Every structure is written in structure tokens, then in C-alpha cells.
Amino acid sequence: MNRAVKIGLAGTCTALLALGGIGTYNIVHGLASGSASEGTSQDARGFDPSEVSSTPPSGAEATKQARAFLDSWSQQQLDGAASDTDTPDTAARALREYADGLHLKKLTFDHILSAGASSATPGAAKVTFDVTAQVAGGTWDYASAVAVRKSTNGRLAVHWNNSVLHPGLGDGQSLTAGTLPAGSVGAKVVASDGRTDLSTFPSLRDIAATIGKNAKATGGQPGTGVAVVDAGGAGVETVKVFTQGRPAIVRTTIDVGFQGVAEHAVQDAHLQQKPAGTVALDWRNGHILAVAHTGDDGDIAINGIKSPGSTMKIITAAALFDKAGLTPSSPAPCTDSLVANSQLFHNDPGVRANPGSSLAEAFTVSCNTAFIKDGFHHLVHDGDASALNDEAVNVFGLGNWSIGGGIATTDPSVPPDVQGGDQAAQFIGQGKVTATPLFMASVAATVRNAGFEQPIILPEQHQEAAPRPISARTADYLQSMMRGVATGGTAAPRLGGLSEVGAKTGTAEEGDHTNGWLTAYNSRIAVAALVEGGSSGVDSAGYVVRRLLTGG
């Protein structure tokens, strides 16, 4: 009896212990399940991203959901914050990258306000707020916003994208704080003085931007702040500066004084707002000192490819000296008109016929017929039809130039195999012959320097050499004739009286209008200008060139 009772009591105790064990498990499991359940409720609270309501949540609902998200985020409960979004896994990774990249110390939110329907996310309500983040280097304040969506089961979620972290932050981008990364502040492209920003000159803004992207900058010291970086860690944009750095610079050959003059020169009132472009070079080394332009067709100073008209007579005369052995005193009869290869050519108004003129006299008054006749007689008929191309390429450096910094320039052209009327027209810079102010400035520079120096805009840029140097004899002849043009010829109305100046004017026919050209040099620079629609070279481009030669 007693033994049986003991067994029964033991069995009862065992049963109670078993029941107690089950009860204890349920309590613990209930706590765990409660936490998990709470996590599940926070996991967008049952939001179904495949069943999004087209009706936005109310302002109160959206604000409450946004507050829950921001509260968790501010307490650095990142998984909890992420579970309040419609893509928890993506959000959790991004929130961690935000904290790590900024070396985040403290995060607070203020002015959490409903802002009506979201314009960026259809069917969502917008909630705005202010952010204060203590990050490496300082405190960063900015305004931000989230969109809150509702699924058809009534559950809410913050719509996740990178702009939740910071407005405008794109896919694959992140934030960093502390020393600003390379690329977050662009290089400063400066003039030869090492200080003046090229982008302050209207004509050089695109050139400066291109150089800044392509040329190697030197010096500089990064500042501190907050920056947007791409997936590779390269700087995209600086969004907050704590301490100013010193940008790296790219020094160019541009001369501040000449550039300022050039900017005003292409706006000269005499041009009547016609498109104009000009380039000035240091003829001693090919350094580009100024580039200026107007008009809607881009930079016509380095890319305005047009027939150069009579400025081409510089190269034609050089070919006659080098190939045919002519001199400035050689005969060059100037007639009113001339038929060559069945095409009628004439002179510009004001050019008087002079059957006894010399080559120098024909050059001074810019007689077309004299140069066509001499070109045909001494070059084409003597079997040297490509002489003009040979002179342009091998002596004057015509070719595919790279002036540096990734700047695109249009190549001039003097075809070697032209036929028919174009064969005659080439000697006076018409037909298929094309050039830019950049090239024609280089032509004048080659004459004055007695040697070709390829134009460059970066001092260290490689310069192509001309295959054959201009002869001292030819350079001397051309300098003498160009001096005559400036003192008593077609350029005299603008350049007469200026010391040490040599020049050549040009007027080129193009469709129903003409373009005015003038190229010249003095003791310091070589310059060329083109005015589209100019009635003549001297009465259009002449005003631009004079300003540059006189410094104002």
C-alpha cells in the first residue's frame, strides 16, 4: 500500500514535470515567437509588393509608417528599419553601407511631415523630413523624403530606393565622408599664369571642360566633406564641404591678356553680329594664346572649316618659289579675267588689270588671275599638279593635329588630285581647299618663324614636325611680300602704320555670300580671323586681327 502510493506520487510528479516542461517551452517559444512575430509585423507588416494599392495611404498613415522606419534607423536598428520597407534585404545592405561609408556617429530626424501624394512613386504618399548626421569630419544637415505605399491587404511599407539615403543618389552609388575622393572636385583648367580659370572666358568654357576631363592635373590637395562615389569608389559629386581643399590644376598656353582682347574682338561692332572666330599663336613655339568665337555653329575658330580664299596665296607663292624657282620679281600678269579648265575666273572688285605686274605686286593687290596663270604654267603644266598639296603638308605642316587635352579640331584640306575648275581654284583658296582660322594662323606663324611649330594648347603636348623645313629664301620672300600687303596692299586700311606686321587678306565665295579672312603676324604673335558673311577680309576679319595685333 505504502509502496504503491510512492509510485503513484512519483508518477504524478513526473507527469507534472513533463507538463511543466511543456509549459516552460511554450512560454519561451511564445517570447521568441512574439519577437519573431514582431519582426514579421515590422517586415513591412505583411506588405505584399505584388499587390500594391493604387490608392495612396492617408497622410497620418504614411507619417506613422515613416516615423517607425526613421526611429529604427536613428537607433541604428538597421534590420528593423529595413523591415519597414518593401525590399528589406536591399534596404538593410544600403543602410549598413551608409553607416560604414560615412563613419556615422549619430543620426537624428526632425520635421517629419506629410507632403501629399508622391509625384515620383505612383500610388504612394510622400513624407518629408530633415536629417542631421554626425559623420567623419563634421555634422551634415540635409532635407530628404520617402514614399510610403499600401498593399491591397492594407499593410504599409516605405518604398526603398537609394534616394532614401540622400536625394538623387543613384543605383550603384554610395556616400563617403572624410577626405574627399579624387574626382569629387574637378580639376581647374587655368591660363599660362597658373591662376586664371579658363571657364571664365565664354569662348573657352567647352574647351576647359574637355581639358578637365582628359588632361592630367597636377598639385592640389583634397578637402574634407561628404561625397557621392560610384561603385568603384571614384568621386561623382561633393554634397558637403567641411574644409576646403585646393583643386589640382591643368595649366594651358592661353594668355589672359590676349584671350580678353580676342573675346571683345569677335564682338566688334563693325562685324554686325556676324559669326566670327579667331586664333592667336606665339609664332616662336606654336603655343595657342587665344581662341575666341561667336555664332551658333560651334567653335568656328578651330572647327570652322571654310575655303580660305586669298590667304591661301601664301602657300601658293611658297610653292612657286620652291617648285618653280620663281622670285617676288618674277612676271605675274594680272588680267581682269581668265579661263582655266573651261571655268571663268575674275578678280575681286577694285583689283586693276596690270599685264606687267610681278608676283609681289599681284600678291599685294591679291590678283586671282595672276596666281591661277602662274600656278598652271609653272606647276600643273610642268607636271607637278600636286605641288600645292606637297607644300601645304611638307612645309606648312597641314595634317591631323592634336592640340592636347582631347580637344577636337577639324583638319584642313588641300587635295593632291583635284581636276577641272577645282584645279585652278585651289591656287586662290577656293574649290576643294578648306582651312580653319587655327590653320591659317599657323601658316602666318610658319612664315614669321621661318619654320613650322605645330599649334598646341597644353605646354607639354607632343608637336608634330613638318617633314621639310621652309627654306630661308622662301621665308624671306614671303615676309617681304606680306609686309607689303600690310603697309600698302589690301590689308593697309586696317594694319597700315603698325610696326613689324606682315599680312594676307582673303575673301572666299560660299554659296550666295562671301566669307572674310585675314591672317597676320607682328613681333609677338601670329593671328587669323574668319567672319562668315564678311564682305571682304579687310572690312570684316581686319577689325578682329587689328585688335589682337595692337592689344586692344
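1. Basis. Local features in this predicted model need pLDDT of at least 70 and side-chain atom pairs count only at pLDDT 80 or more, while totals for chains, interfaces and linings use all residues. Residues are numbered from 1 along each chain as its sequence is written, and side-chain values use heavy atoms, with hydrogens and water left out.

2. The sheet. Helices (H or I, at least four residues) and strands (E, at least two) are DSSP runs numbered from the N terminus. Four strands, in the order E1-E2-E3-E4, make up an open sheet with antiparallel pairing, where two strands pair if DSSP finds at least two bridges between them. Strand E1 (106-117) and strand E4 (156-159) are the edge strands, each pairing on one side only, and the twist from one strand to the next averages 30 degrees. Strand E2 (residues 124-135) and strand E3 (residues 138-150) run antiparallel and are joined by twelve bridges; Asp130 has Ala143 of E3 as its bridge partner.

3. Helix on the sheet. Helix H2 (residues 59-74) packs on this sheet and touches E1, E2, E3 and E4, its direction making about 165 degrees with that of E1. Contact here means heavy atoms within 4.5 Å, and axes are lines fitted to C-alpha atoms, for helices over the stretch in contact, with angles running from 0 to 180 degrees between N-to-C directions.

4. Helix H5. In helix H5 (residues 205-214) the buried residues are Ile207, Ala208 and Ile211, buried meaning under 20% relative accessible area, exposed over 50% and partly exposed in between (1.4 Å probe, protein chains only). Viewed down the axis of H5, these buried residues fall within an arc of 100 degrees, so they line one face of the helix; the arc is that of the directions from the helix axis to the C-beta atoms. Exposed Asp206 and Lys213 lie on the face turned away from the buried side. The cover over the buried residues includes strands E6 (188-190), E9 (249-251) and E11 (287-293), together with helix H7 (300-303).

5. Helices H8 and H11. The axes of helix H8 (residues 313-324) and helix H11 (residues 387-394) are 9 Å apart, and the two helices pack at an angle of about 105 degrees. H8 and H11 are therefore roughly perpendicular (65 to 115 degrees) to each other. Among the residues making the contact are Ile315 and Lys323 of H8 and Leu388 and Glu391 of H11.

6. Ala234. This residue is in the loop between strand E7 (224-229) and strand E8 (235-243), and counts as partly exposed at 35% relative accessibility. The C-alpha atoms of Ala234 and Pro181 are separated by 6.5 Å, although the two are 53 residues apart along the chain.

Conventions: Parallel < 35°, antiparallel > 145°, perpendicular 65-115°, else oblique.
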